[in-house]
Amino acid sequence: MRIVGAGLLQLLGVFSRYPHSSRAGPRAAFGFAPNTRVDSLMARPNPIQFLQQVRQETAKVTWPGRNEVLISTVMVIILVILAGLFFLLADQLISWVVGLLLSIR
């Protein structure tokens, strides 16, 4: 849990990436020595192990079938057309109201 928390805090910018940084306050508050680098706490696999792990995780994914992809694609296209029509009508209405208010016509 401590390593996960340290990684999260590093992402949020609490820890400096440089060990000689003067920002020891937040590190000390979370139980780290002032010159501890968070990067050294996390194990990093070599590239071959990383690719093997990626392949294992990819094998666990449930990929959508052809019918599911087709239905989703059609739904997206229909919703894009409907959104386009909505914004066209909204733009025309706002243009008409502004024209009336400013007496441009």
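User: Reading along the sequence, what pattern does the protein chain follow?
Analyst: Quick heads-up: this is a predicted model, where local features need pLDDT of at least 70, side-chain atom pairs count only at pLDDT 80 or more, and totals for chains, interfaces and linings use all residues. Residues are numbered from 1 along each chain as its sequence is written, and side-chain values use heavy atoms, leaving out hydrogens and water. Helices (H or I, at least four residues) and strands (E, at least two) are DSSP runs, numbered from the N terminus. The protein chain has 4 helices and 0 strands, and the pattern reads α-α-α-α.

User: Is Ile78 buried, partly exposed or exposed, and which helix holds it?
Analyst: Buried means under 20% relative accessible area, exposed over 50%, and partly exposed in between (1.4 Å probe, protein chains only). Ile78 has 45% relative accessibility, so it counts as partly exposed. As for the helix, Ile78 sits in α4, residues 66-102.

User: What percentage of the protein chain's residues are buried?
Analyst: The chain has 105 residues. Going by the under 20% cut-off, the buried share is 11%.

User: Which side chains meet in a salt bridge?
Analyst: A salt bridge needs a side-chain nitrogen of Lys or Arg within 4 Å of a carboxyl oxygen of Asp or Glu. That rule gives a count of 1. With 3.2 Å from N to O, the pair is Glu57 and Lys60.
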